[in-house]
Amino acid sequence: MRFSALVVFVSTVIFSGHALANDSQILLKSFHDYGIKKCDTFISQNTTLKGNWNFFINKHAGGIDGPVTEVTVVNIWGSRGDTVKTEDTYIQTPKNCYLRQTWTLTDPGSCSENIDGNHWYVSTKMPNKDYTTYKNSGGIELHAKEIQVGNFKVCVQEGSKRLSAKHG
């Protein structure tokens with residue numbers, strides 16, 4: 001008890017893609033080890049380990065009232081110049097499972113080359129800032145920033161969403 005009060009993240013476990021069990025079983029076992037045991041279907045539907053992955057899982061100590069468990073998994077996959085990072089925070093309450101998912105994508109080239117205008121539209125231009133905000137038909141926001149080093153351009157895209165479900 002005293003130890004968890006001193007640490008924001010109780011412990012970190014690092015896994016790599018060279019595992020013996022299948023990826024879904026590895027992920028669910030990690031959540032079970034950290035106390036999220038009633039949200040397997042919800043986790044399996046919303047967090048998957050992609051090829052060439054690493055993930056980091058942390059249990060949050062305190063911070064939420066009542067009998068809840070909060071665990072965050074950071075998943076990084078892809079290759080240099082084309083990498084995806086997701087951060088999924090699951091909260092298990094007595095009745096429900098909640099997820100707040102954020103993601104960051106890096107793609108080589110300009111943002112105009114990497115953001116599909118058929119699915120995303122500019123919702124907020126910020127000419128005095130580094131970011132442009134886009135939305136899709138589902139109301140999801142995407143914040144994009146173009147970085148240039150010499151002749152090389154990279155588009156960094158960030159977004160988030162919240163979901164919930166009953167235990168299962």
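**Salt bridges and ring pairs in a predicted model**

The structure has three salt bridges, and another of them joins Lys145 to Asp130, with 3.8 Å between the closest N and O atoms. This pair links distant parts of the chain, since Lys145 belongs to strand β8 while Asp130 lies in the loop between β6 and β7, 15 residues apart. Asp130 counts as exposed because its relative accessibility is 56%, whereas Lys145, at 22%, is partly exposed. There is also a salt bridge between the side chains of Lys153 and Glu146, again given as N to O, at 3.8 Å; here Lys153 is partly exposed at 31%, and Glu146 is partly exposed at 37%.

Turning to the aromatic rings, the count comes to three pairs. In the pair of Phe31 and Tyr90 the ring centres are 5.2 Å apart and the planes stand at 85°, so the arrangement is edge-to-face. Because Phe31 is in helix α2 and Tyr90 in strand β4, this pair ties together parts that are 59 residues apart in sequence. Phe31 is buried, with a relative accessible area of 0%, and Tyr90 is likewise buried at 0%. The rings of Trp53 and Phe55, with centres 5.6 Å apart and planes at 35°, form a tilted pair, and both residues are buried. Finally, ring pairs join Phe31, Phe42 and Tyr90 into a cluster.

Notes. Residues are numbered from 1 along each chain as its sequence is written. This is a predicted model: local features need pLDDT of at least 70, side-chain atom pairs count only at pLDDT 80 or more; totals for chains, interfaces and linings use all residues. Side-chain values use heavy atoms; hydrogens and water are left out. Rings of Phe, Tyr and Trp (its six-membered ring) pair if their centres lie within 6.5 Å; planes under 30 degrees apart count as stacked, over 60 as edge-to-face and the rest as tilted. Helices (H or I, at least four residues) and strands (E, at least two) are DSSP runs, numbered from the N terminus. Buried means under 20% relative accessible area, exposed over 50%, partly exposed in between (1.4 Å probe, protein chains only). A salt bridge is a side-chain nitrogen of Lys or Arg within 4 Å of a carboxyl oxygen of Asp or Glu.
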